[in-house]
Amino acid sequence: MRQEEPPTSGGLPGALRVYVAGVIASGLVVGALAFRVGVEEGFAPHAPFLAVVFAITMVVAEVLPVQFLRKEDQVVTTVSLAYFCGMIFVLPGYGAVLAAAAASASADALRRISPVKLAFNAAMFMLSIFAGTLVLRMGGAQDLLTMPQTGVGFLITTFAACAVIYLVNNLLLLRVVSILEGDRYLATVRRDLLASLPTDGMLLPLGPILVVVGSSHPVLLPFAMLLTAVVYVSAKVAAECQHDATRDPLSGLLNRRAFDASAEAALEKGQRTGTRLAMYLMDLNGFKAINDSLGHHVGDEVITGIAERLVAAAPPDAIVARMGGDEFAVLLPEISGTEAAVEIAERLSAVFDAPISPDHAREADLAVTGSIGLAVSGPGWSTVTELARAADAAMYACKRRSNRYLVANPDLQPGSEHHRSLQEAIAGDQMYLVYQPLLDTRTEAVLAFEALARWEHPEHGMISPVEFIQDMEAMSGLIGPFTERVLDDALLALASMHAAGHMVQVQVNISPLNLADPSFVSTVVEALDRHDIDGRWLVLEITETALMADADAARRTLAELLSFGIGVAMDDFGSGHSSLSMLKDIPLTGLKIDRSFTADSHSERGEAMLRMLVQLAHIHGLQSTAEGVEDKVLQRRMAAVGFDVVQGYGIGRPMSLDQTLAWLAGRASLDLAVELNVAEAGLPQHVPNR
Ligand code: C2E
Ligand code: CA
Ligand code: CA
């Protein structure tokens, strides 16, 4: 086993430099010593033929190493060890020390390994072979060829020589590992000493066998050498298995399992050494649409293209992985703080700057975007799971806000003050709902109320739903209970409206996270049952983001909701990443056009746009709602443009339930006049017939 890749770029740590220099110096001293003995005793090998075969095989074997990934370091194993060990019997004196150094150095030179590493490896072999030779000499067993040895003493000596070579080699190398990992030397030795026993440990005892066979029956030497080839092949197979088990075959990046293992190791090291690490999770936007419309070949090219760019953009010590699907992850094992982490996020998000030009698509280049969530380890997050969850939540929030990246906020973690106060608010009276009316444009009848959440914080006063809902989405375990609470309050309010004779619907906003929850449909249906309300009185408002994370799952959930007669309206349509083609395969009943379009309706272009949007809704059989209708002029204009429904301050502001009931009572006479016309108005089918 030997050192291969530089585990970190740039300069080596000071302690390592001193240590490496020490080993190289000791190697030189031992080499000089061996040379002097060689001069005295002569260098001529006992078996010139074997010496030549061993020397050639040593270099060839060194040039063909098997690479393993151990922790974060690349280590290599070569079968040359058997020949190094055999050499101590073939070359008298300490000639084997020099031969080992020469073979190791020439192989490393051929492989263009850095000079420092080359010198270190050569010194390491000189020291271990020197120690092995010393043991053989002390046991009187070095002359395997001229005086065939028998007896237990010979066995013990030979075994001890092999063990000493193994130990010296490993102990020297593990010091490097312990310095690089910032671990205590003893701990590293305890953990890693036996790691190479199946390869190196098996190769060493083959040394004497090669010598005995080669000297007594040279024609049979190839058979003995075959044994070393067997070790080589099995090590290679093991390395390939390890590679396959840790790599994603498409992108060649590490897979989720390997990423988690690396993160675990890095976090453990960080906790020991006090360094922090940054985890980035990245998800492509609208990848499914690319796959669906352009085919999987193009999808694959997007994945490999982004993977290549990520590797290029990430710092050299970063661990880059594909977590599956269109999700990637980057881990920086050492980061000075959030600021540095953000700088890297900036660099990583630049992978979306240039479009991807797939070979398979004859179409134009593809503009691919994505969202990155990042979390920096610290007091808030002490495990990989917590860190990953925080980064994931940040990525999600990022997607929702259409940012390129977003840093996870430790204040939003479970156990934080903010988390607790939100939990309290959801369970208690600090949160309540207000209701904003939606009018039928033709009849001016009240069709529905949109339930809007309010949070009156005991200290901070009114907090906007935009703010606290984002926070809840970024935290784990809050949005589910919140939406359940909203549904319950909204349906209770609806029951009292119905009881007062106002047969309207209630529209409830739901978070994209709700749609991803497999138990969401049953939650809704159970809430309806609890209040004994039919599904057709409930409309859920979703945003486009809901469809971005897992469109298939979202589609299934929506279809199931629709099967219960529940309406689903797309909220704020046109404000985000909507694509027109998306509308045709999402189960919906309504389209709420974002209020920015309403505000723009005074211009000719704005009005044409609105007409087009109404058309779009109608083509798909959807009820069209104009949002942000702030006055009567706008209300009339929206009716003229063709909207089915209007909503806004001009019709009514969000009101408490009591105010709502009073407001409804005030309009009761108008409703009565209108009620008869509703059935003829040709409303979409999910609107309850009255
Ligand atoms: P939204 O679903 O688009 O709700 C409409 C927002 O526009 C409401 O703000 C409403 O008060 C405001 N609005 C209504 N008419 C007008 C108008 O004529 N002009 C203007 N300028 N604004 C008008 P609000 O209540 O602050 O809610 C903001 C957002 O918070 C909502 O946007 C919705 O995305 C979210 N939200 C509110 N309640 C809930 C809830 O219970 N669950 C979830 N998931 N989200 C909610
Ligand atoms: Ca809404
Ligand atoms: Ca809206």
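Predicted model: local features only at pLDDT ≥ 70, side-chain atom pairs only at ≥ 80, totals over all residues.
A disulfide is counted here when two cysteine sulfur atoms lie within 2.5 Å of each other.

Searching the whole structure turns up zero disulfides. Cys162 shows why: the closest cysteine sulfur, in Cys85, is 3.8 Å away from its own, which is too far for a bond. Cys162 is also buried, at a relative accessible area of 8%. Cys241, by contrast, is partly exposed, with a relative accessible area of 48%.

Asp572 belongs to strand S14 (residues 567-573), while Glu627 sits in the loop between strand S16 (623-626) and helix H25 (632-641), so the pair ties together parts that are 55 residues apart in sequence. Asp572 counts as partly exposed at 24% relative accessibility, whereas Glu627 counts as buried at 10%.

Now for the aromatic rings, which form six pairs. In one of them, Tyr19 and Phe120 have ring centres 6.3 Å apart and planes at 55°, so this pair is tilted. Tyr19 lies in helix H1 (residues 14-41) and Phe120 in helix H5 (residues 115-138), so the contact ties together parts that are 101 residues apart in sequence. Both Tyr19 and Phe120 are buried.

Phe54 and Tyr83 make an edge-to-face pair, because their planes stand at 80°, with the ring centres 5.5 Å apart. This pair also links distant parts of the chain, with Phe54 in helix H2 (residues 48-63) and Tyr83 in helix H3 (residues 80-90), 29 residues apart. Phe54 is buried, with a relative accessible area of 0%, and Tyr83 is buried as well, at 1%. Elsewhere, ring pairs join Trp455, Phe468 and Phe482 into a cluster.

The charged end of Arg175 sits over the ring of Tyr185, 5.3 Å from the ring centre. Likewise, Arg653 places its charged end over the ring of Tyr649, 3.9 Å from the centre of that ring.

Note on methods
Residues numbered from 1 in each chain as written. Chains lettered and ligands numbered in written order. Heavy atoms only, no water. Buried < 20%, exposed > 50% of the residue type's maximum accessible area, 1.4 Å probe, protein only. Helix = DSSP H or I, 4+ residues; strand = E, 2+ residues; numbered from the N terminus. Phe/Tyr/Trp six-rings, centres within 6.5 Å; stacked < 30°, edge-to-face > 60°. Lys NZ or Arg CZ within 6 Å of the ring centre and 35° of its normal.
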